Amino acid sequence: MSRAFVFPGQGAQTIGMGKALAEAYPEAKAVFDEVDEALGESLSLLIWDGEQDQLTLTQNAQPALMATSLAAMRALEAEGVSIEAASYVAGHSLGEYSALAAAGALSIADTARLLRIRGEAMQAAVPVGVGAMAALLGLDFEAAKNVAAAASEGEICQAANDNDPGQVVVSGHKGAVERAVELAKEHGAKRAVLLPVSAPFHCALMKPAAEAMADALAQVEMNAPKVPVVANVIAEPVSASDTIRALLVDQVTGSVRWRESVMWMAGNGVDEIWEIGAGKALSGMIRRIDRSIACRAVGTPDDVKAAAESLS
């Protein structure tokens, strides 16, 4: 059986995530301690005992989700499951940074700092109220791209996330995204709804954030990952550090090609995928992409033990 480990993106954050892992595994607690030290603040206190609206702020959610994913990965390692138990790793948007840290390409401290910079830069790139994102349900990627193009009318409107065969997220100027919502309904979408996000991620409006990430990524040490990383923007595996840096910059303004990434893995022998970290959103998407893939969520001590036992 060939498996992949995948790492969730923004939206999966919940107060209390990872706390049971930290209590059960010193290796998991050490991840949260390392992230706190790297950021110079107690992010773990916010994750475990804070307010949801504060955790949901982009600059907090991104390092917090990575910390939870890496804590789960360290717990798996404590149970004898190394990253090499996966043939590939991948992550949804910020989850790609978690995947790279799990695969040893980046240190946890550098990843935490990069994600704090990424979150702050993405939030600062567009004034609040100027941009928007919307989920188009029941349209495939090509249809959603056509809707976005028709809705742009001189503004930015892009297909930002190709999540699964019936869910595409568009991003851009608020007026253009609102037009896309109406057009999508006319083109047969089952639903089209504006999303409660603070900025229009993964579109050309994020260009200032991409420039900030190019500067930040140029200053960190990056190793070749221990297993290939299936990159969001090309939906294929990469292992050269210079290529990874360039694709992480492209990812800020480019589409998250999640459906194609999962299809690539399935087409190259992956028949089991473990979702490492908070929630089960990716597992739901994966089942809608290819029902033949077995999915397992690994986010609690019980999940970790069950996952390790499945390999023994």
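Tyr88 is buried, at 15% relative accessible area; buried here means under 20% relative accessible area, exposed means over 50%, and partly exposed lies in between (1.4 Å probe, protein chains only). This is a predicted model, in which local features need pLDDT of at least 70 and side-chain atom pairs count only at pLDDT 80 or more, while totals for chains, interfaces and linings use all residues. Residues are numbered from 1 along each chain as its sequence is written, and side-chain values use heavy atoms, with hydrogens and water left out. Helices (H or I, at least four residues) and strands (E, at least two) are DSSP runs, numbered from the N terminus.

**Aromatic pairs**

- A search of the whole structure turns up three aromatic pairs. Rings of Phe, Tyr and Trp (its six-membered ring) pair if their centres lie within 6.5 Å; planes under 30 degrees apart count as stacked, over 60 as edge-to-face and the rest as tilted.
- Phe32 and Trp48 make one of these pairs, edge-to-face, with 4.8 Å centre to centre and 65° between the planes.
- This pair links distant parts of the chain, 16 residues apart: Phe32 belongs to helix α2 (residues 26-39) and Trp48 to helix α3 (residues 43-49).
- Phe32 is buried with a relative accessible area of 2%, and Trp48 is buried with 15%.
- Tyr88 and Trp264 form another edge-to-face pair, at 5.1 Å centre to centre and 90° between the planes.
- Tyr88 lies in strand β2 (residues 88-91) and Trp264 in helix α12 (residues 258-267), so their pair ties together parts that are 176 residues apart in sequence.
- Trp264 counts as partly exposed, at 22% relative accessibility.

- Four strands make an open sheet in the order β4-β5-β3-β6, with antiparallel pairing. Two strands pair if DSSP finds at least two bridges between them.
- At the edges are β4 (157-164) and β6 (191-194), each of which pairs on one side only.
- On average, neighbouring strands of this sheet are turned by 20° against each other, direction ignored. For such angles, axes are lines fitted to C-alpha atoms, for helices over the stretch in contact, and angles run from 0 to 180 degrees between N-to-C directions.
- Strands β3 (residues 131-137) and β5 (residues 167-173) run antiparallel and are joined by seven bridges. Leu136 stands opposite Val168 in β5.
- Helix α8 (residues 141-152) packs on the sheet and touches β3, β4 and β5, its direction making about 160° with that of β4. Contact means heavy atoms within 4.5 Å.
- Helix α9 (residues 174-186) also packs on the sheet, touching β3, β4, β5 and β6, and its direction makes about 145° with that of β5.

**Helix α14**

- Pro301, Val304, Ala307 and Ala308 are the buried residues of helix α14 (residues 301-311).
- These residues cover an arc of only 130° around the axis, which puts them on the same side of α14. The arc is that of the directions from the helix axis to the C-beta atoms.
- Asp302 and Glu309 are exposed on the other side of α14.
- The cover over the buried residues of α14 includes α1 (19-24), α5 (58-78), β9 (270-276) and β10 (294-298).

**Salt bridges**

- The whole structure holds 16 salt bridges, each being a side-chain nitrogen of Lys or Arg within 4 Å of a carboxyl oxygen of Asp or Glu.
- In helix α5, Glu77 and Arg74 are three residues apart, and therefore separated by about one helical turn; their side chains meet in a salt bridge (3.3 Å, N to O). Both ends are partly exposed, Glu77 at 31% relative accessibility and Arg74 at 23%.
- Asp110 forms a salt bridge with Arg113, with the closest N and O atoms 3.0 Å apart. The two are three residues apart in helix α7 (residues 108-124), or about one helical turn. Asp110 counts as buried at 18% relative accessibility, whereas Arg113 counts as partly exposed at 37%.
- Lys185 and Glu182 meet through their side chains in a salt bridge (3.8 Å, N to O), again three residues apart, this time in helix α9. Lys185 is partly exposed with a relative accessible area of 44%, and Glu182 counts as partly exposed at 43%.
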